[in-house]
Amino acid sequence: MALIRYIGRRLLFVLPQLFGIVAVSFFLLKMIPGDPALLMLGPLASQEAINEIRSVMGLDKSLIEQFVIYLERVLSGDLGTSWQTTKPVMEDLLKRFPATMELVTLSLLFALILGIPVGILASLLKKSIINKFSTYYGLLAGSLPDFWLGLIFIFVFYTILGWAAAPMGRLDLGILPPAVVSGSYFIDSLIAGDWETFNNVVAHLTLPVLTLGLINAGPIIKMTQSTMDRLLESDHIRYARSCGLGEFQIVRRAFRNSLPSVLTIVSVLYSFLIGGAVLVEIVFSWGGAGQYALSGVLNADINPVMGFVVWSAVLCLILYLIVDLLYFAIDPRLRD
Amino acid sequence: MTDSISLSLNNLTVDYPGYKGSGTIAVKDVSFSIEKGKVLGLVGESGAGKTSIARAITRQLVEPGEITAGEIIFENKNIVSMSQKELRKYLGSQISLIVPNPKSELDPLLTIGRQLGDVVKTHLKLNNKEAREAVLKVLEAVQIPDHNSRYSAYPHELSGGMAQRVIIAMSLICNPKFVISDDATSGLDVTVQREIMKLMQNIIKEKDLSVLFITRDIGLAAHFCDHLGLLFRGQIVEIAPINSFFKNPIHPYSLALLSAFSHSVKWRKVYSTDPQKWSKEFFINGNVPDSMIEVEKGHLVRMIR
């Protein structure tokens with residue numbers, strides 16, 4: 001019961017939070033110089049044509065009025081139209097966000113599968129090679145840009161070796177996307193039981209997932225290792241040792257106690273990558289949401305950018321709610 | 001002779017090395033033995049090396065501490081030279097530890113039933129149902145009220161005294177032969193302390209346990225122990241049967257400690273020291289000598305004659 005009340009209270013704050021985010025990003029975007037009307041019509045357009053399109057887009061009204069109009073539209077589920085794609089932003093984003101989420105989620109899963117065991121082992125085996133490996137890995141992963149690693153991978157595995165699929169989106173041209181259920185090709189092709197498509201999806205996912213996963217495993221390893229280091233020296237683990245518990249149980253208890261920290265770093269990485277994977281998306285022509293928003297910024301196309309902001313805000317708020325519920329599941333001290 | 005001894009320390013030395021060479025010698029050349037069914041009290045101020053001795057016996061010294069010399073004999077086996085695997089069989093089942101600050105010594109994420117259960121399951125190879133029964137039984141034995149519902153309580157839901165009872169339960173659950181109590185009541189207020197001490201006293205008598213009772217409170221030790229050792233800067237300066245110790249304390253540090261704990265002027269006079277005597281027999285250039293002299297049967301004092 002307490003849990004449901006808590007979720008209810010959290011959801012109550014979602015609307016004011018969203019309003020704040022939309023307001024701040026709307027006014028910040030409006031401060032960027034550049035006239036969309038001018039960009040749309042090109043340098044040779046007549047003043048009348050420009051004025052006409054400005055009044056159609058509502059650009060001749062005051063900022064506050066524009067904001068109110070925008071808010072009303074957002075509340076009715078309309079994020080406006082992108083003048084670059086000439087499609088409603090909502091429709092564009094519904095196609096692109098699943099692409100980004102699929103990439104980011106799988107990358108982070110990969111990073112976790114790699115990072116947690118390495119972090120634990122590095123903490124347990126202080127004088128081992130794996131401990132040294134983790135130290136240098138953290139340094140390397142922190143200093144290499146992800147898009148650069150992506151380019152290297154493309155060069156090695158596609159250009160030279162020819163093992164990987166072409167870095168041109170999520171599927172080969174000849175293959176139709178699976179019927180939409182979740183929006184993730186990976187899941188949808190599995191649901192459809194279409195192995196040809198599934199294999200193609202995996203082939204296209206491999207390099208970008210490797211790129212983002214390897215880079216983001218760095219902080220996960222670091223966090224796992226340092227938390228495990230601290231916990232293995234903690235009072236209750238030493239006491240568990242002096243009760244004669246086996247090493248496996250000791251490690252399991254220590255890891256359980258380090259889960260909240262790992263969860264924190266994962267949630268930070270996740271929310272960051274929703275927009276922050278954009279360079280890797282560009283390198284692999286992924287067609288994700290970050291890429292879409294970026295081209296909006298570069299072309300004074302405000303609706304895609306605002307749409308992206310609203311979507312990411314909603315996703316982040318959902319993400320943080322889930323993370324908080326996971327904290328509850330892990331730590332009984334938070335439940336009261 | 002050896003059959004009547006539960007645990008003995010022979011010339012145990014514990015060192016916490018610094019970056020260069022030997023750093024702090026926390027325990028120096030400590031020897032004592034504890035007979036079966038007896039309680040040895042170990043008293044000393046903080047930093048005297050009490051906890052280092054407790055942790056050395058369980059081989060859980062905090063890094064970088066290490067045992068550099070001596071042996072710890074439990075039932076004719078040397079704990080110092082055991083492998084980790086062999087040691088684990090003894091810890092928690094034959095030798096168990098009661099720690100201070102019970103709330104930080106319990107895993108915050110697991111119920112106390114689970115934590116106690118893990119220990120019996122590890123040592124006695126019980127299944128879940130048997131383990132649960134054993135846990136409930138021991139929770140009852142340490143007089144935890146409403147033990148059925150406490151079984152699924154988390155450490156943070158317990159009071160300090162209750163958590164201390166859980167730790168005592170943990171130390172008893174596998175029916176050990178030897179229990180180390182490391183300042184077990186230090187975090188508790190006096191009334192709870194009294195209850196816990198009473199409980200421990202009953203259990204020790206009932207189960208015929210051998211106990212190393214480490215405390216800062218010499219008054220507590222007086223009521224509780226058969227023998228008393230006084231620790232000063234990592235060395236035992238005086239060790240004696242309890243009556244002999246209080247009737248005839250000899251070392252100036254013992255006297256100083258006793259007079260500090262004496263609440264009446266009369267007793268303070270009885271336990272008074274003559275600083276003139278200090279330098280001659282008991283201290284060489286401010287340090288205690290290496291030799292101990294037996295002044296009565298079983299009453300050893302670190303001095304020269």
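**View 1. An eight-stranded open sheet in chain B.** In this predicted model, eight strands of chain B form an open sheet with mixed pairing, in the order β6-β7-β8-β3-β9-β10-β12-β11. Two strands count as paired if DSSP finds at least two bridges between them. Strands (E, at least two residues) and helices (H or I, at least four) are DSSP runs, numbered from the N terminus. The edge strands, β6 (95-98) and β11 (292-296) of chain B, each pair on one side only. Neighbouring strands of the sheet are turned by 20° against each other on average, direction ignored. Axes are lines fitted to C-alpha atoms, for helices over the stretch in contact; angles run from 0 to 180 degrees between N-to-C directions.

**View 2. Strands β11 and β12 of chain B.** β11(B) pairs with β12 (residues 299-302) of chain B in the antiparallel sense, over four bridges. B:Met292 has B:Arg302 of β12(B) as its bridge partner.

**View 3. Helices packed on the sheet.** Helix α1 (residues 50-57) of chain B touches β3 (39-43), β6, β7 (178-182), β8 (210-215) and β9 (227-232) of chain B. Its direction makes about 150° with that of β8(B). Helix α8 (residues 190-207) of chain B touches β3, β6, β7 and β8 of chain B, and its direction makes about 160° with that of β8(B). Contact means heavy atoms within 4.5 Å.

**View 4. The interface of chain A and chain B.** Here 23 residues of chain A are in contact with 27 residues of chain B. The buried area is about 2400 Å², with 53% from carbon and sulfur atoms. Buried area is the accessible area (1.4 Å probe) that two parts lose on being put together, summed over both. A:Arg238, A:Tyr239 and A:Arg253 supply 27% of the area that chain A buries against chain B, more than any other three residues.

**View 5. Salt bridges.** A salt bridge is a side-chain nitrogen of Lys or Arg within 4 Å of a carboxyl oxygen of Asp or Glu. Two link chain A and chain B. In one salt bridge, B:Arg88 joins A:Glu247, with the closest N and O atoms 4.0 Å apart. Within chain A, A:Asp324 forms a salt bridge with A:Arg10, at 2.2 Å between the closest N and O atoms. A:Asp324 lies in helix α15 (residues 302-330) and A:Arg10 in helix α1 (residues 2-12) of chain A, 314 residues apart.

**Notes.** Residues are numbered from 1 along each chain as its sequence is written, and chains are lettered from A and ligands numbered from 1 in the order in which they are written. In this predicted model, local features need pLDDT of at least 70, side-chain atom pairs count only at pLDDT 80 or more, and totals for chains, interfaces and linings use all residues; side-chain values use heavy atoms, with hydrogens and water left out.
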